[in-house]
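Please keep the structure open alongside the text.

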Amino acid sequence: MTMEFKALLVEQPEKKVFNRSIVTRSLDDLPEGELVVKVHYSSLNFKDALSAVGNPGVTRNFPHTPGIDAAGEVVSCTDGLFQPGDQVIVTSYDLGMETDGGFGQMIRVPSKWALKLPAGLSLKESMMLGTAGLTAALSVRELVENGVTPEKGPVLVTGATGGVGSLAVAILAKIGFKVTAVTGKLEETPYLESLGAAQVIDRETLLKGNERPMLKPTWAGVVDCVGGDMLAAAIKSARYDGVVTCCGLVGSIDLAVSVFPFILRGVRLVGIDSAECPMERRTQVWQRLASEWKLDNLTTMVDEITLDGLEEKVQSMLKGGLKRRGLVNLLDS
Ligand SMILES: NC(=O)c1ccc[n+]([C@@H]2O[C@H](COP(=O)([O-])OP(=O)(O)OC[C@H]3O[C@@H](n4cnc5c(N)ncnc54)[C@H](OP(=O)(O)O)[C@@H]3O)[C@@H](O)[C@H]2O)c1
């Protein structure tokens, strides 16, 4: 097949120089794989922003098309796992890292990376959620399955205006939790309240007294998207038996805490990984996102863009200033 399509291409003409442009590519440019998908929508995640600027922690081989998320229609599937016309979601594994990703109108991937779009979600809604939604839902799942209930106290979400954070706020509020959102953008308080946050605080408020080994027990559960000092403060201020999930590193990869919160309050720290998350858990979480955790305010949480709009969003995301998740429309690109 020599089908042509448009894609964002990151090229490296010389060491440490990365150029981004929208180009025409062909299926022959894509890696091997059983499944060819015509991508309808993708979304912008922090990893995509890093890949787009050549961060070697994400992508080492160029030219490359980023995009760890893709949802669309099956064109062909050589192992019969899917039929042409099936609507599928492909997120993470190696998509958008070393495998050309969803910022192209076609992807070719191993068929085991894909799952059927669950009933109750459109392709567009699935990418309004994307990996951020999957990660938020995996985090909420850990709180719920580890026994955190609304009766046990308020829950905290850090990096609250970000993709994972805003979706975690909305899902937790939807299922009855009293959510405190921490943000560096207090001017976004009305937005966070519209998602269901009961309280919005700034980062300094959470970090107050953080030099101490323990802080006032406050949170029954925490979804942390930031790492570093914010995660440390969240762990120190978790209640007895509190559950803290950790998925992000936008603040720092370091974590300086004593063992006290764990051995004196029984606090549990749970790591979240959406990239290699087993397909069974992934499918279960997507089904929840399409049913009991389905959000009716998703359109308020995204800015729809085409491939041309990615550059501005990438730069803004890398500065921590992105206000809404980027939903990438490949059909209109
Ligand atoms: N483990 C996984 O499977 C997985 C999956 C997806 C994402 N992630 C990670 O999760 C994190 C969030 O991803 P995302 O897509 O939500 O990114 P994002 O949309 O850029 O959101 C990150 C948010 O964190 C806050 N923030 C940014 N810089 C900060 C700093 N220096 N200190 C404290 N807060 C800061 C900002 O929110 P406020 O201004 O509201 O504070 C920002 O909007 C990233 O590190 C990403 O790599 C991990």
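**Domains**

The model is predicted. Its protein chain is divided into domain 1 (4–117 + 297–329) and domain 2 (131–271). The C-alpha centres of domain 1 and domain 2 lie 29 Å apart. Across the boundary, 16 residues of domain 1 are in contact with 16 residues of domain 2.

**Nonpolar cores**

The largest nonpolar core has 53 residues. Within this core, the residues with the most contacts are Leu167, Val169, Ile171, Leu172 and Trp286. At least two of its residues come from each of H2, strand E8 (155–157), helix H3 (163–174), strand E9 (179–183), helix H4 (189–194), strand E11 (219–224) and H8. Of the contributors, H2 gives the most, with 11 residues. The core also draws at least three residues from each of domain 1 (4–117 + 297–329) and domain 2 (131–271).

Apart from this core lies another, of 28 residues, and Val39, Leu44, Val88 and Leu310 are among them.

Leaving aside neighbours within four places in sequence, Trp286 is in contact with Ile89, Thr91, Leu115, Pro118, Leu121, Ser126, Leu129, Gly130 and Leu134.

**Helices H2 and H8**

Two packed helices are described by the angle between their axes and the distance between the axes. For helix H2 (residues 123–145) and helix H8 (residues 279–289), the axes come within 9 Å and cross at roughly 105°. On the H2 side, the contact is made by Ser126, Leu129, Gly130, Gly133, Leu134, Ala137, Leu138, Arg141 and Glu145. On the H8 side, the contact is made by Arg281, Arg282, Gln284, Val285, Trp286, Arg288 and Leu289. Sorted by class, the contact of H2 with H8 has seven nonpolar, four polar and five charged residues.

**Backbone details**

A cis peptide bond joins Phe62 and Pro63, with omega about 5°. Pro63 is placed in the loop between helix H1 (46–52) and strand E4 (69–77).

Lys16 has a phi near 65°, a positive value in a residue other than glycine. Lys16 is in the loop between strand E1 (4–14) and strand E2 (17–26). Ser92 also is not a glycine, and has a positive phi of about 55°. Ser92 lies in the loop between strand E5 (87–91) and strand E6 (106–109).

Eight of the nine residues of helix H6 (residues 228–236) are buried, so H6 is largely enclosed by the rest of the structure. The buried residues of H6 are Gly228, Met230, Leu231, Ala232, Ala233, Ala234, Ile235 and Lys236.

| Residue | Relative accessibility | State |
|---|---|---|
| Leu310 | 1% | buried |
| Ala232 | 3% | buried |
| Lys152 | 47% | partly exposed |

Leu310 is in helix H9 (residues 310–318). Not counting residues up to four places away in sequence, Leu310 touches Leu8, Leu44, Phe103, Ile305 and Val328. Leu310 and Phe103 are 207 residues apart along the chain, and their C-alpha atoms are separated by 9.0 Å.

Ala232 is found in helix H6. Residues up to four places away in sequence aside, Ala232 touches Asn210, Leu255, Ala256 and Val257. Ala232 and Asn210 are 22 residues apart in sequence and 7.7 Å apart in space, C-alpha to C-alpha.

Lys152 is found in the loop between H2 and E8. With residues up to four places away in sequence not counted, Lys152 touches Gly147, Ala220 and Arg239. From Lys152 to Asn55 the separation is 97 residues in sequence and 41 Å in space, C-alpha to C-alpha.

Key: Residues are numbered from 1 along each chain as its sequence is written. This is a predicted model: local features need pLDDT of at least 70, side-chain atom pairs count only at pLDDT 80 or more; totals for chains, interfaces and linings use all residues. Side-chain values use heavy atoms; hydrogens and water are left out. Axes are lines fitted to C-alpha atoms, for helices over the stretch in contact, and angles run from 0 to 180 degrees between N-to-C directions. Helices (H or I, at least four residues) and strands (E, at least two) are DSSP runs, numbered from the N terminus. Contact means heavy atoms within 4.5 Å. Ala, Val, Leu, Ile, Met, Phe, Trp, Tyr, Cys and Pro count as nonpolar, Asp, Glu, Lys and Arg as charged, and the others, Gly among them, as polar. A nonpolar core is a set of buried Ala, Val, Leu, Ile, Met, Phe, Trp, Tyr and Cys residues joined through side-chain atoms within 4.5 Å. Buried means under 20% relative accessible area, exposed over 50%, partly exposed in between (1.4 Å probe, protein chains only). Domain bounds come from an automatic or database domain assignment.
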